[in-house]
Amino acid sequence: MKSKNKSLAKSVRWYRKWHRYIAMSLLLFIAIVSLSGILLAWKDELQLKPPSEKSANTTLELLPLSKIESIAVNHIKDANLDATINRIDYRPRKGIAKVRFETHFTELQIDCYTGEILSEKIRTADIIEMIHDGSIVDFLFNSKSKSVKLFYSTLIGFGLLFLSFSGFWLWKKPKQIKRNKI
């Protein structure tokens, strides 16, 4: 029994040591992921993304997507920003199209009936999401490979898995030792 308890105690010491090392080395990153995750969960309540507008002119005919694209490109060029479009979120029921850009966080909401720009705002939630998954570094250095995001996500993922596993053993092993002594 004593040799079994010695082995269990040695195992507990090993897990405690590595649990502490990994937790301390990942502390900042875990805090960033946790805080940004909380902000993303509350993004609507905290108004971190622009609310969807709604067109008042639903009796007209919808503009073609190419026209909406050219309206967005012309408007953003007038603001001296890069006009490369990342995506157009087309919402015909609301009568709007949300246009997002590749190299900045501006979102235009355009009336799909009149072509009028209903809203021009910064998508703060997108910035927080990029901080959350680590892709903000790739974005800032204009890296197309997403290597930092993959490394960051893998490191945090495996680190949290190890901390979960070792934390469980740090809870369970002393109970086994205690049970063996009885």
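With which side chain does the side chain of Ser 166 make a polar contact?

**Entry 1: basis.** I worked from a predicted model, in which local features need pLDDT of at least 70 and side-chain atom pairs count only at pLDDT 80 or more, while totals for chains, interfaces and linings use all residues. Residues are numbered from 1 along each chain as its sequence is written, and side-chain values use heavy atoms, with hydrogens and water left out.

**Entry 2: Ser 166.** I located Ser 166 in helix H5, residues 147-181 (helices, H or I, of at least four residues and strands, E, of at least two are DSSP runs, numbered from the N terminus). Ser 166 counts as buried because its relative accessibility is 0% (buried means under 20% relative accessible area, with a 1.4 Å probe and protein chains only). I found its side chain in polar contact with the side chain of His 19, at 2.5 Å (a pair of N or O atoms within 3.5 Å, one able to donate a hydrogen and the other to accept it). Neighbours within four places in sequence aside, Ser 166 is in contact with Tyr 15 and His 19 (heavy atoms within 4.5 Å).

Entry 3: I then looked up strands E3 (residues 106-111) and E4 (residues 117-122), which pair in the antiparallel sense over 5 bridges (pairing requires at least two DSSP bridges). Ile 110 has Ile 117 in E4 as its bridge partner. The hairpin of E3 and E4 has 5 residues between the strands, and Gly 115 in the turn shows a positive phi of about 85°.

**Entry 4: Ala 72.** Residues up to four places away in sequence not counted, I noted that Ala 72 touches Val 99, Phe 101, Leu 108 and Ile 110.

Note on methods:
Buried means under 20% relative accessible area, exposed over 50%, partly exposed in between (1.4 Å probe, protein chains only).
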